[in-house]
Amino acid sequence: LVTLARNVLKSCNFSGATLRHANLTRSVLMFSSLVGADLTGANLTEADLSKVDFSGADLTGADVTGADFDGANLAGIKGLETVKGLDQALNLDKALH
């Protein structure tokens with residue numbers, strides 16, 4: 001279990017990382033790469049995910065309530081149908097699919 005809540009992690013490379021059930025609540029991950037990362041069950045509530053590259057990441061069961069997806073790359077995300085809080089996520093219409 002990883003807790004990175006309320007941290008500023010701009011432009012970080014988490015490609016291929018295993019972040020299962022990680023607590024990233026209110027974290028700032030702008031411009032970071034999460035390509036192919038395992039975010040199964042992660043808590044991304046109110047996180048700033050602007051311009052984050054989630055290509056091929058697994059978000060099965062993750063919570064994105066209130067998260068900001070402005071300009072995020074959501075191509076090829078796994079488990080999207082199980083992600084919680086998508087209806088309350090911000091700027092999802094501005095994300096790349």
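Threonine 40 is in contact (heavy atoms within 4.5 Å) with Arg20, His21, Asp58 and Thr60, leaving aside its neighbours within four places in sequence. Threonine 40 has a relative accessible area of 12% and is buried. Buried means under 20% relative accessible area, exposed means over 50%, and partly exposed lies in between, for a 1.4 Å probe and protein chains only. The side chain of threonine 40 also makes a polar contact with the side chain of aspartate 38, at 2.5 Å. A polar contact is a pair of N or O atoms within 3.5 Å; within protein, one must be able to donate a hydrogen and the other to accept it, and residues adjacent in sequence count only if both atoms are side-chain atoms.

This is a predicted model, in which local features need pLDDT of at least 70 and side-chain atom pairs count only at pLDDT 80 or more, while totals for chains, interfaces and linings use all residues. Residues are numbered from 1 along each chain as its sequence is written, and side-chain values use heavy atoms, with hydrogens and water left out.

**Salt bridges**

Side chains of opposite charge can pair when their charged atoms come close. The structure holds 2 salt bridges. Each is a side-chain nitrogen of Lys or Arg within 4 Å of a carboxyl oxygen of Asp or Glu.

| Salt bridge | N to O distance |
|---|---|
| Arginine 20 and aspartate 38 | 2.7 Å |
| Arginine 26 and glutamate 46 | 2.8 Å |

Aspartate 38 counts as buried, at 18% relative accessibility.

**Core**

The largest nonpolar core has 27 residues. Such a core is a set of buried Ala, Val, Leu, Ile, Met, Phe, Trp, Tyr and Cys residues joined through side-chain atoms within 4.5 Å. Leu49, Phe54, Leu59 and Phe69 have the most contacts inside it.

**Cavity**The count comes to 1 cavity of 30 Å³ or more. On a 1 Å grid over the protein atoms alone, a cavity is a set of points where a 1.4 Å probe fits but cannot get out, and lining residues have an atom within 4 Å of a point. About 30 Å³ of space lies in the largest cavity. Leu4, Leu9, Phe14, Leu19, Leu24, Leu29 and Leu34 line it.

Technical notes
On a 1 Å grid over the protein atoms alone, a cavity is a set of points where a 1.4 Å probe fits but cannot get out, and a pocket is an open set with protein on both sides within 12 Å along at least five of seven lines; lining residues have an atom within 4 Å of a point. Grid points are joined across faces, edges and corners, and a volume is the space filled by probe spheres set on the points.
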